[in-house]
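Dear colleague,

Please find the structure below, handed over for your records.

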Amino acid sequence: IFNSISITADAVNNLSDSSSSLITLLGFKISGKPADAEHPYGHARMEYVSGLVVSLIILMLGLQLIKSSVDKIINPVKAGFSIISVVVLTLSIIIKLWQCLFYRKIGSLINSETIIATSMDSRNDIAATSAVLIAAVITHLTGFNMDGYMGAVVAVFIIISGVELVIDTIDPLLGKAPKKELVDKICKKILSYDGILGLHDLTMHSYGSGQCFAT
């Protein structure tokens, strides 16, 4: 409506969050399936696979937005300004703040790294939408068209989030080393039994949240 690439970029960012939530729900559904003959360690790693799919989608959207934003910078078109756009962006910030706090609480309750990561994503979204709102106000007050530049900033932000998500989901799939605290806790527990003289070659594999196997 307001011919603004920065607001459109923020919309795409929200769309990627919606897609992420849907794929995460699907991942949780599949990862909750019990172990079977073909998958003796269960299906919990599907949560990582679904996260990888989401992160690749986010990267593609970010790259497309960079292209559109650069085009707006080279061929600027005046973006419309209205109190409605300010109200919509402000409401968006308030909703994302609630989401951030809600996800953080639920993530802590069920000990889910995926939900906690979603909380951090909502926190980052607050900063991105705030930047878009500030840019719209500055453009209106000064006449300097910041729309294309802010669209590019949000697009870069989306790409960085996508790259971080790729790393976070690939690491456990490749076999990330367990935390030292967990290793020490297991060693201490084993050595606490009578007759145990020592242990060696402790190997640990994570198959999703709460699905850690050690030998």
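How many salt bridges does the structure hold? The structure holds 1 salt bridge, the term meaning a side-chain nitrogen of Lys or Arg within 4 Å of a carboxyl oxygen of Asp or Glu.

Before the details, a note on the source. This is a predicted model, in which local features need pLDDT of at least 70 and side-chain atom pairs count only at pLDDT 80 or more, while totals for chains, interfaces and linings use all residues. Residues are numbered from 1 along each chain as its sequence is written, and side-chain values use heavy atoms, with hydrogens and water left out.

**The salt bridge**

The partners are Asp 184 and Lys 180, whose side chains meet at 2.8 Å, N to O. Both residues belong to helix α6 (residues 180–191), where they are 4 residues apart, about one turn of the helix. Helices (H or I, at least four residues) and strands (E, at least two) are DSSP runs, numbered from the N terminus. As a general point, an α-helix has 3.6 residues a turn, so residues three or four places apart point the same way. Lys 180 is exposed, at 59% relative accessible area, whereas Asp 184 is partly exposed, at 37%. Here, buried means under 20% relative accessible area, exposed over 50%, and partly exposed in between, with a 1.4 Å probe and protein chains only.

**The chain as a whole**

The protein chain has 6 helices and 2 strands, and from the N terminus on its elements run α-α-α-α-α-α-β-β. The radius of gyration is 22 Å, well over the 17 Å that the globule rule gives for 215 residues, so the chain is more spread out than a compact globule. That radius is taken over C-alpha atoms, and the globule rule is 2.2 Å times the number of residues to the power 0.38. Along the principal axes, the C-alpha atoms fill a box of roughly 80 × 30 × 25 Å.

Of the 215 residues, 32% count as buried. The accessible surface of the chain comes to about 13,500 Å², of which 68% belongs to carbon and sulfur atoms; accessible areas come from the Shrake-Rupley method with a 1.4 Å probe, and for residues only the protein chains shown count as cover. Among contacts (heavy atoms within 4.5 Å) with a separation of 6 or more, 70% are between residues 24 or more positions apart.

**The core**

The largest nonpolar core has 17 residues, and those with the most contacts inside it are Leu 65, Val 132, Leu 133, Met 150, Val 154 and Ile 158. The elements that give two or more residues to this core are α1 (5–31), α2 (46–74), α3 (83–110), α4 and α5 (147–174). A nonpolar core is a set of buried Ala, Val, Leu, Ile, Met, Phe, Trp, Tyr and Cys residues joined through side-chain atoms within 4.5 Å. Leaving aside neighbours within four places in sequence, Val 132 is in contact with Ser 6, Ile 7, Asp 10, Leu 89, Met 150 and Val 154.

**Individual helices**

The 27 residues of α1 should span 39 Å at 1.5 Å a residue, and the end C-alpha atoms of α1 are 38 Å apart, which agrees. The expected span of a helix is 1.5 Å times one less than its number of residues. Buried residues of α1 include Ser 6, Asp 10, Asn 13 and Asp 17.

In helix α4 (residues 113–142) lies Ser 122, a buried residue with a relative accessible area of 4%. Beyond four places in sequence, Ser 122 touches Lys 96, Gln 99, Cys 100 and Tyr 103.

Helix α5 has 28 residues and reaches 41 Å from its first C-alpha to its last, close to the 40 Å expected. Leu 173 is in α5 and is partly exposed, at 31%. With residues up to four places away not counted, Leu 173 touches Arg 45, Tyr 48 and Val 49. Leu 173 and Arg 45 are 128 residues apart in sequence and 7.4 Å apart in space, C-alpha to C-alpha.

**Positive phi angles**

Just after α5, Gly 175 takes a positive phi of about 110°. Asp 201 has a positive phi of about 55° although it is not a glycine. Asp 201 sits in the loop between α6 and β1 (204–206) and is exposed, at 62%.

Yours sincerely
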